Amino acid sequence: MSTRRASRSSQPASVANISDEQISDLLSKLRQLIPQLRTNHADKVSASKLLQETCSYIRSLHREVDDLSDQLSQLLASIDGDSDQAAIIRSLLL
């Protein structure tokens with residue numbers, strides 16, 4: 001029994017039933033979502049490296065969201081709450 005299969009045997013049934021082909025397909029789809037891995041050579045990236053890059057990318061997206069949130073808070077603090085600008089911003093957020 002391979003290490004991967006042995007480690008999956010302790011997982012819930014729904015996870016343990018994922019085939020190697022399905023895992024490969026999911027990794028391929030994930031590879032296409034990560035901008036740094038959209039190159040032709042990304043096929044040669046290991047699953048471990050792919051998951052590390054995915055985590056890094058998600059962290060960078062979180063930082064970007066935090067930065068944009070801070071910018072929005074500063075913008076909202078700098079305008080009159082009853083102005084047309086405030087109404088437009090509120091409509092975009094809803």
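Mentor: Begin with a single residue. At 18% relative accessibility, Glu53 counts as buried, where buried means under 20% relative accessible area, exposed over 50% and partly exposed in between, with a 1.4 Å probe and protein chains only. Bear in mind that this is a predicted model, in which local features need pLDDT of at least 70, side-chain atom pairs count only at pLDDT 80 or more, and totals for chains, interfaces and linings use all residues. Residues are numbered from 1 along each chain as its sequence is written, and side-chain values use heavy atoms, with hydrogens and water left out.

Trainee: Where does Glu53 lie, and what does Glu53 touch?

Mentor: Glu53 is in helix H4; helices (H or I, at least four residues) and strands (E, at least two) are DSSP runs, numbered from the N terminus. Not counting residues up to four places away in sequence, Glu53 touches Ile34, Gln36 and Leu37, a contact being heavy atoms within 4.5 Å.

Trainee: Is Ile34 buried or exposed?

Mentor: Ile34 has 3% relative accessibility and therefore counts as buried. Ile34 sits in the loop between H3 and H4. The C-alpha atoms of Ile34 and Glu53 are separated by 7.6 Å, although the two are 19 residues apart along the chain. Leaving aside neighbours within four places in sequence, Ile34 is in contact with Glu53, Thr54 and Tyr57.

Trainee: Which residues of H4 are buried?

Mentor: They are Leu50, Glu53 and Thr54. As a general idea, an α-helix has 3.6 residues a turn, so residues three or four places apart point the same way. Leu50 counts as buried because its relative accessibility is 0%. Leaving aside neighbours within four places in sequence, Leu50 is in contact with Leu27, Leu30, Arg31, Leu37 and Val45. H3 is included in what covers the buried residues of H4.

Trainee: How is the packing of two helices described?

Mentor: In general, by the angle between their axes and the distance between the axes. Here H3 (residues 20–33) and H4 (residues 47–78) pack at an angle of about 40°, with their axes 10 Å apart. Axes are lines fitted to C-alpha atoms, for helices over the stretch in contact, and angles run from 0 to 180 degrees between N-to-C directions. H3 and H4 are therefore oblique to each other: angles under 35 degrees count as roughly parallel, over 145 as roughly antiparallel, 65 to 115 as roughly perpendicular and the rest as oblique.

Trainee: Which residues meet where H3 packs on H4?

Mentor: From H3, Leu27, Leu30, Arg31 and Leu33 meet Ala47, Leu50, Leu51, Thr54 and Tyr57 of H4. By class, this contact has seven nonpolar, one polar and one charged residues. Ala, Val, Leu, Ile, Met, Phe, Trp, Tyr, Cys and Pro count as nonpolar, Asp, Glu, Lys and Arg as charged, and the others, Gly among them, as polar.

Trainee: And the chain as a whole?

Mentor: The chain has five helices and zero strands. Buried residues make up 14% of its 94 residues. Among contacts between residues at least 6 apart in sequence, 5% join residues at least 24 apart.
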